[in-house]
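Okay, hi everyone. Let's have the structure up on the screen, and I'll walk you through it.

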Amino acid sequence: MIAGIETGGTKVICAVAASSAPGTIVDRLRIPTTSPAETLGAVRSFLERYASAGELEAVGLAAFGPVNVDRSSPSYGWITSTPKAGWRNTDIPRALGLGDAMPLQVVSDVTGSAVGEQRSGAGIGMRNIAYVTVGTGVGAGFAADGVPFLQRSHPEMGHLPVRRYPGDTFPGNCPFHGDCLEGLVSGPAIRARWGRPGEQLGALRSEAVPLLAFYVAQLLAAVTYTVAPDRIVLGGGVLKLPGLLQASREGLAGVVGGALEGHPLTLPGSGYVCSPVLADLAGVHGALFLAHDLAGNRAPLSVA
């Protein structure tokens, strides 16, 4: 058996599958993200059901971050300079009881989602995809040929500076930069700006959607210019706001203008920017596929 874990800012999803069928989850558990001791203790208990019976072959971990993904580092798998209270410098592998003998692959949560969507979701048949999330945090991950594009680090695109929406005076709520992308469009930023979460905006939605889309479109443009993926999968809780996906597609075409003439992004209905097929399970599916690749030193699955 193989295990996949996705740690998020509000929840953790654990799953196991047969190593011969990584896309078929046979057991799953959702755990609220509270303190590291409580949350990771529950994850460890879940894993021990299989590890104690000698059934666990490998583990994939897709973690919120920043997280250390450099295998050569002594702090591999550690949450580092996160703004999430109590989680800074958390040694996840140790907290889960994963010894050196257990094959482990650690990636960022959005990188795990990119791998999951490429292997069995919106990116099937495409060589290079990006997964962009706008939720508790803002981030982007990339997969090339079904594996993480970056092996020693991961992007922190949520902290990009952006042009301001006309008339927007909200100072932002990023503890590091104030009005970076994450400080302007994340779930906590929406609550700080309008005094309520996105799903409760009501009549404020007509004001919120064009403003948020203006900023999300700049993130999509940055991803397109720098990585040139075949597709961008756009997910996260904020994108569940009705109308925001389409407004972001249209905004992207406007931001890029004529700089990429003929690119599918110029047609908002082309599918270049799409919703996740795997919904909230993209990250844990990606973690399972990475565990599959580790188990028994098997060759990676084909993305075709």
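So, let's start with a hole: the largest cavity here has a volume of about 40 Å³. A cavity, on a 1 Å grid over the protein atoms alone, is a set of points where a 1.4 Å probe fits but cannot get out. Grid points are joined across faces, edges and corners, and the volume is the space filled by probe spheres set on the points. Searching the whole structure turns up 1 cavity of 30 Å³ or more. Its lining (residues with an atom within 4 Å of a point) includes R249, L252, Y272 and V273.

Quick housekeeping: this is a predicted model, where local features need pLDDT of at least 70, side-chain atom pairs count only at pLDDT 80 or more, and totals for chains, interfaces and linings use all residues. Numbering runs from 1 along each chain as its sequence is written, and side-chain values use heavy atoms, with hydrogens and water left out.

Now, V273 takes us to the sheet. Helices (H or I, at least four residues) and strands (E, at least two) are DSSP runs, numbered from the N terminus. Two strands pair if DSSP finds at least two bridges between them. Five strands make an open, mixed sheet, in the order β10-β9-β8-β11-β12. At the edges sit β10 (147–148) and β12, each pairing on one side only.

What does I232 in β11 face? On the β12 side, its bridge partner is V273, and A130 stands opposite I232 too. β8 and β11 run parallel, joined by 5 bridges, and β11 and β12 (residues 273–274) are also parallel, with 2 bridges. Over at the other end, β9 and β10 run antiparallel, with A144 opposite V147.

Why call β11 largely enclosed? Because 4 of its 5 residues are buried, where buried means under 20% relative accessible area, with a 1.4 Å probe and protein chains only.

That brings us to the core. A nonpolar core is a set of buried Ala, Val, Leu, Ile, Met, Phe, Trp, Tyr and Cys residues joined through side-chain atoms within 4.5 Å. The largest one has 41 residues, and L212, V223 and L234 have the most contacts inside it. Elements giving two or more residues to this core include β8 (128–134), β11 (231–235) and α7 (244–256). The biggest giver is α6, with 12 residues.

Take V223: beyond its neighbours within four places in sequence, its contacts (heavy atoms within 4.5 Å) include A130, F142 and I232. And that's my tour, thanks!

Key
Buried means under 20% relative accessible area, exposed over 50%, partly exposed in between (1.4 Å probe, protein chains only). On a 1 Å grid over the protein atoms alone, a cavity is a set of points where a 1.4 Å probe fits but cannot get out, and a pocket is an open set with protein on both sides within 12 Å along at least five of seven lines; lining residues have an atom within 4 Å of a point.
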